[in-house]
Amino acid sequence: MTEARESAGPRARRAPGTPCWVSLMVHELAATEEFYGALFGWEFRPGPQQLGPYVRALLDGRDVAGIGRLTPDQRLPVAWTPYFASDDVDRTADQVRLCGGTVAVGPLDAAEAGRMAIASDTSGAVFGIWQGASHLGAALSGVPGTPAWNELLTFETESVAKFYETVFGYEEEPVVSADLDHVVLDLGGRPVAGLHGVGHALPRDRGSHWLTYFEVADVDETLRLVAELGGRVLGPAHDSEHGRVAAVADLEGAVFSVIENPH
């Protein structure tokens with residue numbers, strides 16, 4: 001994680017490789033809307049329906065995230081998935097395949113909003129690729145209820161770091177530590193995502209996966225609310241160099257972290 005923050009206006013075009021959106025696929029859309037609406041103050045409006053029912057989450061009238069309903073034939077995980085910006089989704093998807101990754105969905109048009117694909121890296125972690133048209137991604141950041149950071153939890157970082165560097169043009173910023181396998185991915189000199197090698201601590205039932213952090217005003221109050229709304233608190237909150245943080249899961253088990261004051 002990093003203290004670097006970005007505030008993007010609704011028409012700000014991201015450089016290729018920039019995290020621009022997070023999306024969640026679930027089985028019960030209405031219950032999930034109720035959970036996150038109460039937790040983060042989100043409101044919802046319909047979004048592109050190419051992969052089935054889908055809504056955009058809004059905060060103060062500005063898009064911050066997306067939630068879709070899984071159809072019976074879809075094999076996507078119930079998990080928050082980061083999307084990385086691309087000027088040409090088809091070309092980026094080809095690069096994913098050339099580097100040993102897999103393209104599971106698309107590339108396909110999401111109505112007039114843009115063009116997208118869902119892929120997995122060489123470790124099996126799922127991520128999205130987004131070529132914005134009328135919808136360029138999240139229009140608000142740096143306030144409670146918005147995504148603050150994305151970090152890949154994987155067995156080891158060396159091989160998967162090369163994958164992302166080749167596909168998106170990142171530069172690697174190793175975190176110097178004798179007992180920590182951690183890499184920060186930089187784009188244009190700015191940290192944009194993290195890779196964390198956790199070895200055998202990687203959950204066997206999940207494998208490598210991206211973890212999204214959402215900013216909150218008060219982590220301890222957020223944990224109380226998560227439990228009250230039917231979610232799960234996965235561990236006690238703790239203080240880090242970037243702010244107070246904790247991991248939680250929503251009604252369907254989608255895991256995410258909440259962080260207080262990550263500025």
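The legends below describe views of a predicted model of a single chain.

**View 1. Overall fold of the predicted chain.** Four helices and 17 strands make up the secondary structure. With a radius of gyration of 17 Å, against the 18 Å that the globule rule gives for 263 residues, the chain is as compact as a globular protein of that length. Along the principal axes, the C-alpha atoms occupy a box of roughly 50 × 45 × 35 Å.

**View 2. Burial and surface of the chain.** Buried residues, those under 20% relative accessible area, account for 54% of the 263 residues.

**View 3. Contacts across the sequence.** Considering contacts between residues at least 6 apart in sequence, 63% link residues at least 24 apart.

**View 4. The second largest pocket.** This pocket has a volume of about 200 Å³. Its lining consists of 14 residues, of which P77, A79, R206, S208 and H209 are the closest to the pocket centre.

**View 5. Strands and residue classes in the lining of the second largest pocket.** Strands β5 (80–85) and β13 (209–216) each contribute at least two lining residues. The largest share belongs to β5, which provides three residues. By class, the lining of the second largest pocket holds eight nonpolar, four polar and two charged residues.

Key:
Residues numbered from 1 in each chain as written. Predicted model: local features only at pLDDT ≥ 70, side-chain atom pairs only at ≥ 80, totals over all residues. Heavy atoms only, no water. 1 Å grid on protein atoms, 1.4 Å probe; cavity = no way out; pocket = protein on both sides within 12 Å on 5 of 7 lines; lining within 4 Å. Points joined across faces, edges and corners; volume = space filled by probe spheres on them. Nonpolar A, V, L, I, M, F, W, Y, C, P; charged D, E, K, R; others polar. Rg over C-alpha atoms; globule rule 2.2 N^0.38 Å. Buried < 20%, exposed > 50% of the residue type's maximum accessible area, 1.4 Å probe, protein only. Contact = heavy atoms within 4.5 Å.
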